[in-house]
Amino acid sequence: MRVLITAGPTYEPLDPVRFIGNHSTGKMGYALAETFAARGAEVTLISGPTNLPDPASPAIRTVRVQTAQEMYQAAVAVAPAADVWVFAAAVADYRPAQVAEQKIKKAGDTLTLELVKNVDIAAELGKSKRPEQFSVGFALETENEQAHALDKLRRKNFDMVVLNSLRDAGAGFRHDTNKITLLEADGRIATFDLKAKAEVARDIVQAVLSRLPHSHA
Ligand code: CTP
C-alpha cells in the first residue's frame, strides 16, 4: 500500500526575508506518516516548513517544500501511484501577487498587499481520483461544523473528512492533543474523545484501512 500525506504549513514569500504562513506544526501529518508506516505502508510525506525531524522509518520518504505551488508539484508526481491520499497540510489559500527581489523597505503609514489564490491541492488532485483510490481531507471549522465539513468533502472529492472543531478545548494548532469527528461520503459519522495526536492518528489510520478493498485492517 502506498500513501501520500501532505503536512505542515506552507510559506508564501513576500521578499527575500518575509513570508505569509500559519501556525501549523505538522504534528498530525507526521504522526499519520509514522502510523501508516507501522501498518506496513510505503509513505511519501510532503512537508512544508516544520521544526520536526524527518521521520526515521525507512518506509517514509520525506519531501521538503516551502510554497503551495511546490507542495502541489510534489503531490502531483506521487498521487497517481498512491492508494491513499491524506491532506493534512494547512495550505495558504493565497500568496502575494508579486515577490519582491529585494527586501521591501518601509515607506508610508500603510502598506497594501495584493494576494492571489493558490492552487487547491486536494481539490485539483480530486478531479483525477480513480474509484479504487481513497482521499482523506481535514476541516477546521468554528460553526456549522458538520455541514461545512460535508460540503468540503463533496467539493474536494474526499472519501473521508477529519473534522476538528475550534470549539473543542485542546483541539487544533499548537496542541499535542486533538478531538476529531470522522465524516464519510456515505453519511457515516464517528466521534472520538480528546486524545494525544499519536492516538488520533491510530484512529484515523484504522478507519481508513477498514475502508480499503483488500482490508489491510
Ligand atoms: N487544502 C489543499 N490545498 C489548499 C487548501 C486546502 O490541499 N490550497 C486541503 C487541506 O489540506 C485540507 C482541506 O483542503 O485537507 C481543507 O482545507 P480548508 O482550507 O479548510 O478548505 P477551504 O476549501 O479553503 O475552505 P475554507 O473556506 O474553510 O478556507
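Biologist: Which residues have the most contacts inside the largest nonpolar core?

Modeller: This is a predicted model, where local features need pLDDT of at least 70 and side-chain atom pairs count only at pLDDT 80 or more, while totals for chains, interfaces and linings use all residues. Residues are numbered from 1 along each chain as its sequence is written, and side-chain values use heavy atoms, leaving out hydrogens and water. A nonpolar core joins buried Ala, Val, Leu, Ile, Met, Phe, Trp, Tyr and Cys residues through side-chain atoms within 4.5 Å, with buried meaning under 20% relative accessible area, exposed over 50% and partly exposed in between (1.4 Å probe, protein chains only). The largest one has 33 residues, and those with the most contacts inside it are Ile5, Leu32, Phe36, Val43, Val86 and Ile204.

Biologist: Which helices give two or more residues to this core?

Modeller: Helices (H or I, at least four residues) and strands (E, at least two) are DSSP runs numbered from the N terminus. Strands 1, 4, 6, 9, 10 and 12 each give two or more residues to the core. The helices that do so are helix 1 (27-38) and helix 5 (197-211).

Biologist: How many residues does the second core have?

Modeller: This core is separate and includes Ala74, Trp85, Leu163 and Leu183. Its residue count is 23.

Biologist: Which residues does Ile204 contact, leaving aside neighbours within four places in sequence?

Modeller: Contact means heavy atoms within 4.5 Å. With those neighbours left aside, the partners of Ile204 are Met28, Leu32, Phe138, Val162, Ile180 and Leu182.

Biologist: Why is strand 4 largely enclosed by the rest of the structure?

Modeller: Let's look along its sides. Strand 4 pairs (at least two DSSP bridges) in the parallel sense with strand 1 over 6 bridges, and in the parallel sense with strand 5 over 5 bridges. Ser47 stands opposite Arg64 in strand 5. Strand 4 is largely enclosed because its buried residues number 5 of the 6.

Biologist: What is the bridge partner of Thr6 in strand 4?

Modeller: Thr6 is found in strand 1 and counts as buried because its relative accessibility is 3%. Beyond four places in sequence, Thr6 contacts several residues, including Met71, Val86 and Phe87. Its bridge partner in strand 4 is Ile46.

Biologist: Is Asp203 buried or exposed?

Modeller: Asp203 is found in helix 5 and touches Phe192 and Lys195, not counting residues up to four places away in sequence. Its relative accessible area is 17%, so Asp203 is buried.

Biologist: Where does Asn157, with its positive phi, lie?

Modeller: Most residues other than glycine have a negative phi. Asn157 has a positive phi of about 60°, and it is partly exposed because its relative accessibility is 34%. Asn157 lies in the loop between helix 4 and strand 10.

Biologist: What percentage of the ligand's accessible area does the protein cover?

Modeller: Let's start with polar contacts, pairs of N or O atoms within 3.5 Å. A ligand nitrogen is 3.0 Å from a polar backbone atom of Ile121, while a ligand oxygen is 2.9 Å from a side-chain N or O atom of Lys156. Of the 590 Å² of accessible area that the ligand has on its own (Shrake-Rupley method, 1.4 Å probe), the protein covers 76%.

How values were computed: A polar contact is a pair of N or O atoms within 3.5 Å; within protein, one must be able to donate a hydrogen and the other to accept it, and residues adjacent in sequence count only if both atoms are side-chain atoms.
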